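Here are some brief notes to read alongside the coordinates. Please keep the viewer open while going through them.

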Amino acid sequence: VTGTTPRAVLMAHPGAELYGSDRVFLESVSGLVDDGWRVVVTVPADGPLVTALEERGAEVVQCASPVIRKSALRPRGMLRFIGTSARGFVAGSRLMARVRPDAVYVNTMTIPLWQVLARLRRIPVLSHVHEGEASASRLVRSVLALPLFLSTAIVANSRFSAEVITDSFPSLGRRTQVVYNGVQGRSEEHTS
């Protein structure tokens with residue numbers, strides 16, 4: 001139908017590098033753009049991922065967002081985390097109001113702000129889990145998994161990651177689906 005506004009998705013990512021989960025994230029962005037979605041990506045800083053996202057048709061917005069790291073368990077790190085959370089809540093709320101997404105996609109368990117903002121606005125949220133912190137204490141694993149209760153659906157990149165989640169909270173298993181990473185490789189020409 002001509003003249004209709006495309007569905008919008010806000011996709012949150014914790015960094016702007018080009019490592020493994022970043023490349024998987026790029027494929028998710030490409031799939032949604034190719035499917036006709038308006039894709040707005042939020043990252044906390046500039047980096048090589050920003051250019052790659054824009055080349056694939058996404059709008060990229062830098063927005064403060066607290067990232068759960070081990071340093072947040074120390075007093076100075078906790079203060080920094082709280083300050084970033086407050087700034088992120090205000091900036092993220094403004095971004096959500098501007099974009100008015102139909103859905104929110106949160107890439108990794110380390111940026112819980114976006115699940116909170118999405119659920120406050122009653123927007124469906126998908127969390128894509130790449131982590132499998134089995135060596136972390138049960139308390140740390142549980143704290144990392146808590147924001148997943150705000151997710152409408154959860155995608156885990158492996159059975160191992162899914163098991164780490166359900167080991168902390170078995171009830172999360174009902175909304176967790178394993179989807180293996182799909183990163184397109186370079187095509188190789190073979191000559192005979």
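1. Strand pair β1 and β4. Strand β1 (residues 8–12) runs parallel to strand β4 (residues 103–107), and four bridges join the two. Keep in mind that the model is predicted.

2. The sheet as a whole. β1 and β4 belong to an open sheet of seven strands. Its order reads β3-β2-β1-β4-β5-β6-β7, and the pairing is parallel. From one strand to the next, the twist averages 20 degrees.

3. Sheet edges. Which strands stand at the edges? They are β3 (59–62) and β7 (176–178). Each has a single partner strand, so one side of each has no neighbour in the sheet.

4. Helix pair α3 and α4. Helix α3 spans residues 75–99 and helix α4 spans residues 113–120. They pack at an angle of about 50 degrees, and their axes are 10 Å apart. The crossing of α3 past α4 is right-handed.

5. The helix contact. Which residues of α3 and α4 meet? From α3 come Gly88, Phe89, Gly92, Ser93, Leu95 and Met96. From α4 come Leu113, Trp114, Leu117, Ala118 and Leu120. By class, this contact of α3 with α4 holds eight nonpolar residues, three polar residues and no charged ones.

Note on methods:
Residues are numbered from 1 along each chain as its sequence is written. This is a predicted model: local features need pLDDT of at least 70, side-chain atom pairs count only at pLDDT 80 or more; totals for chains, interfaces and linings use all residues. Side-chain values use heavy atoms; hydrogens and water are left out. Axes are lines fitted to C-alpha atoms, for helices over the stretch in contact, and angles run from 0 to 180 degrees between N-to-C directions. A crossing is left-handed if the near helix is turned anticlockwise from the far one by less than a right angle, and right-handed if clockwise. Contact means heavy atoms within 4.5 Å. Ala, Val, Leu, Ile, Met, Phe, Trp, Tyr, Cys and Pro count as nonpolar, Asp, Glu, Lys and Arg as charged, and the others, Gly among them, as polar. Two strands pair if DSSP finds at least two bridges between them.
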